[in-house]
Amino acid sequence: MTDATLNDLPSPTRTSLAQRLKNPALLLVPAVVFLVLIYVFPLIDLFRVSMSGPTWSVYFERVFSVPLYWESLLRTMQIAFTVACLCVVLGYPTALLIHRTRGLTQILIATAVILPYFIAILIRTYAWMVLLGRNGPINKLLQTLGLIDGPIGLLFNRGSVLLGMTAVLLPLMVLTIYASVSRLDQGLTRAAMASGAGPLAVFWRVLLPLTLPGIGAGFLLVFVAGIGYFITPTLLGGPGDQMFAMHITQQADSITGEGFLQALAVVLLVITLIVVGVAGRIMGFEFIWGGGKTDTAAARRMPTPKTVTRGRRRGVGMVVADLLGWPILRIMGRLPAGWGRWTVRVMGGCVVATLVIPIIVVMIISFSKASYLTFPPPDWSMRWYEKFFSDSNWMSAFWNSLAIACLSAVIAVSLGATAAMGIVRSDIRYKSALMLLLVSPMIVPPVVLGLSLYSLFLNVGLTGTYLGLAAAHAIGGIPIVVVIVAASLQAVDRRLEQGAAVHGASPLTVFRTVTLPAIAPGLGAAIFFAFLHSFDELVLSLFLSSPRMKTLPLMLWADVNYQLNPVLAVVSTLEVLLVVGGIILARPVLARGRSA
Amino acid sequence: MQIPARREMRSELPDVQPVSTAPAQQAIGSSISIRNVVKKYGAFVAADRISLEIEPGEFITLLGPSGSGKTTLLNLLAGFQNIESGEIFVDGKSIQHVPTHRRGFGMVFQSYALFPNMTVAQNVGFPLRMARIDRITADRYVAETLEMMRLSDHAQKLPSQMSGGQQQRVAIARAIVMRPKVVLMDEPLSALDRRLRESIQIELRELHQTIGSTILFVTHDQSEALTMSDRIAVMDAGHIVQVARPIEIYRRPQSRFVASFVGESNLIDAEVIDRKGTVLTLRTPSGHVFEAASRDGDHDKRATVLVRPERIRIHDAATPLSMPATVISALFLGEVLRIEVRLDDGQTLLIRCSDTSEMTLPQVGQQLHIGWGATDGWVLS
């Protein structure tokens, strides 16, 4: 200790002010202010307008009295539930397959799952339209095999909606389950086998119970996403498959429904919130972002009532497992030993194929010479690429999207990364509540968000501006950034920072020499995904853009609805290349996440 | 090793003379005074009004079970956490408002905390770089310190390319490269295997003699504490229960907790029947009489007596101050025999006697006569 450091101590008052300014909780302020202004207030306003009728409930009564709406509501829940179930059944073997393979195979399978996850939903839905179309490969294949005489209509029915939605949402499920499977201690499986449990018993008694929270989280995320879906069902569904969210977009086109429209959105939002709320009570709200608790070590020491109830629930589960599952498994146990392993391989393999094939087909079609969609292409050419790059409409949409995405990424990363610092490094109360606010845009149906922002943007003149769209996209970008950056910050060894500080590094130097290098990969990934989120965003843009300013997804949307031509395949191929490039850049982070 | 103190170089005041030209001398460590320090985590009191005076240049060990507050105390000293109430003075000056990076300490972590992206030389040179010491001087200091820790051949390696023992030596080198007046060590040897630990213990002890810093060493390993320390502060549940030299802690513990935490111990509850100066005569429940020393001769009616296993002697025949005992188990451990016996009132005692050529390993169930002298028993207060 030198005299210098002791003599120039600040006076007590200055210290308190300086210390207050150093409080990491202050880092949360910009993001929270931003979200409150552009996300919480519009949603509150949505509630206000929905109750602005002669009596507060008049619009809601209409929602529940007109069969068109409440039948559609029931149908929506039913479809979302079915899709979530399908995703669990198909996703679990796939997650196990990723976990059990090694080396190059594992990387390939993981990429096949992750890649579609980051490609725009619109493009993946378009791929399914190509695949299932009258001149698509499936019809062609069936005809070649002589199973059918002429092309059959595979599209625009309930089956294609379920197939499309399941395919689109599967990666989310696989990644969520994989996260919980990979966290399992390998020793547990070995211990179970050493205690005489066969592969099925290991699965039933050890693997399944321990990964149940992951399954639950995946199920809910898919279900909640399914409730608010409208891109995929609009494009793949027939007249009998009207989803609830579709009514909102359709009503929005005719301005007559002021009040009633908001009531529809509020119903959708409230249902989502109830589902998430109940799930959060049972398994903790961490399931939304798939992360660990943000609470400090002190809180972790004490057993909370939640864990107690969880213990009792597991007791019930055990009874069910003993009475029902176990006898069934005993019978299945008579099957040959390799059967379970092959189930995983075959099912996982099918899922991976289902995820990848549409994308590959679209990429091939982009080089087609034909002016309509047919597979395999009659001849090869680059004419659609030429058309894309020479068409001023497409190019201006491309530059618009690029500019908006860059601006949005800057907003989301600067606000989200500072907020993540604040969340991880401060000791404020209500930390979990703040984290919930920061990530909640993930679960609010985009249709509801778009509608709530619509009137706000009209009033302040942000409609159809770069800044307006970028800010709106940043609402969804912030959760992505917060989750990624918070995870990388939590992985930073505090001892390293302390080691630097104790040996003379000032807080800023500690951040520069220790913290920043450690979170740099995470920060890079966050920038990319925030960019991609905005670049792919369609639903908010539908509400908030003007006819004069089109983004790439908007152009795609218009074209998919009117003329299915190979230019769309070109755009899709370019998007895939963008995502592949991004994933290669982000690979260090993904690899680290996998090993952790 | 004759290296001038470097800590002063971080000073920005002109009146502090740079000492690089001063004659070779030992750096002298700081005195540390911890007064009534309190730290709570929620309802859990990690440090409960702890006071401790540490002499300049002393090697003091904080010894205690996990959760006793020793690491908390170290973190408060380093400034990683804020004190709730109380104060810490270093060389008579409060460090309450001095941020960690200006306290000028060295620290060794249990997990080493070496920067994975820097080479060994860069790791060791980190404190010098932070103090803005010029490159040439810094390089010299790094080379000297690496030489001292016998790491010169590894200067350009990354921490991940080294063994645990080597990494820990790098961490120690980083902590002492500035010749800080205070070095904090948080269980630095607990991740190493026994043999390596023992050799680094001796190295650390010699290092302390060389650099003269005040060293605060945290451990839960009592033999480590006994080997290395000038003094040991035994901690339990947020309190310091005894501070004394290792020999004092071992021979004259103040409480049951210290007696049983440090070393192996036999604790015998007995009734006091007589007193001669500081020596008490006591009687066990089954009526056997023995003697034991106490601090000042004051006593209650009943007392607990500590007899270390190596102080118990086995007699060939009964004597007035011996008692009969039955062998429960007998193990040959190399240099010692470890014998467990049961007295006729049911209490079991542990005996360690050194291996001699005439000694035979007793059989289980065999009857022995055991006893100890007046100076071998210690009455706990």
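Two strands pair if DSSP finds at least two bridges between them. Strands (E, at least two residues) and helices (H or I, at least four) are DSSP runs, numbered from the N terminus. The model shown in these views is predicted: local features need pLDDT of at least 70, side-chain atom pairs count only at pLDDT 80 or more, and totals for chains, interfaces and linings use all residues. Residues are numbered from 1 along each chain as its sequence is written, chains are lettered from A and ligands numbered from 1 in the order in which they are written, and side-chain values use heavy atoms, leaving out hydrogens and water.

**View 1. Strands E12 and E13 of chain B form a hairpin.** Strand E12 (residues 279–283) and strand E13 (residues 289–293) of chain B run antiparallel, joined by 5 bridges. B:Val279 stands opposite B:Ala293 in E13(B). The hairpin has 5 residues between the strands. B:Gly287 takes a positive phi near 100 degrees there.

**View 2. Strands E1 and E2 of chain B form another hairpin and belong to an open sheet.** Strand E1 (residues 32–41) and strand E2 (residues 44–54) of chain B are antiparallel, with 7 bridges. B:Ile34 has B:Leu52 in E2(B) as its bridge partner. For B:Ser33, the partner in E2(B) is B:Glu53. This hairpin has 2 residues between the strands, and B:Gly42 takes a positive phi near 65 degrees. The open sheet has 4 strands in the order E2-E1-E4-E5 (chain B), with antiparallel pairing. E2 and strand E5 (93–94) of chain B are the edge strands; each pairs on one side only.

**View 3. The largest nonpolar core has 178 residues.** A nonpolar core is a set of buried Ala, Val, Leu, Ile, Met, Phe, Trp, Tyr and Cys residues joined through side-chain atoms within 4.5 Å. Buried means under 20% relative accessible area, exposed over 50%, and partly exposed in between (1.4 Å probe, protein chains only). A:Phe34, A:Trp394 and A:Leu438 have the most contacts inside this core. Helix H19 (residues 392–425) of chain A gives the largest share, 16 residues. Another core, of 41 residues, lies apart from it; B:Ile32, B:Leu77, B:Val90 and B:Met118 are among its members.

**View 4. A:Leu438 and its contacts.** Contact means heavy atoms within 4.5 Å. Not counting residues up to four places away in sequence, A:Leu438 touches several residues, including A:Leu28, A:Ala31, A:Ile423 and A:Pro479.

**View 5. A:Phe81 and A:Phe219 form an aromatic pair.** Rings of Phe, Tyr and Trp (its six-membered ring) pair if their centres lie within 6.5 Å; planes under 30 degrees apart count as stacked, over 60 as edge-to-face and the rest as tilted. The whole structure holds 19 such pairs over all chains. This one is edge-to-face, at 5.7 Å centre to centre and 80 degrees between the planes. It links helix H5 (residues 67–100) to helix H11 (residues 199–227) of chain A, with the two residues 138 apart. A:Phe81 counts as partly exposed because its relative accessibility is 44%.

**View 6. B:Phe115 and B:Phe126 form a tilted pair.** Their centres lie 4.7 Å apart, with 50 degrees between the planes. B:Phe115 lies in the loop between strand E6 (106–108) and helix H2 (120–130) of chain B, and B:Phe126 in helix H2, so the pair ties together parts 11 residues apart in sequence. Both residues are buried. The charged end of B:Arg174 sits over the ring of B:Phe115, 4.9 Å from its centre. For a charge to sit over a ring, NZ of Lys or CZ of Arg must be within 6 Å of the ring centre and within 35 degrees of the ring normal.
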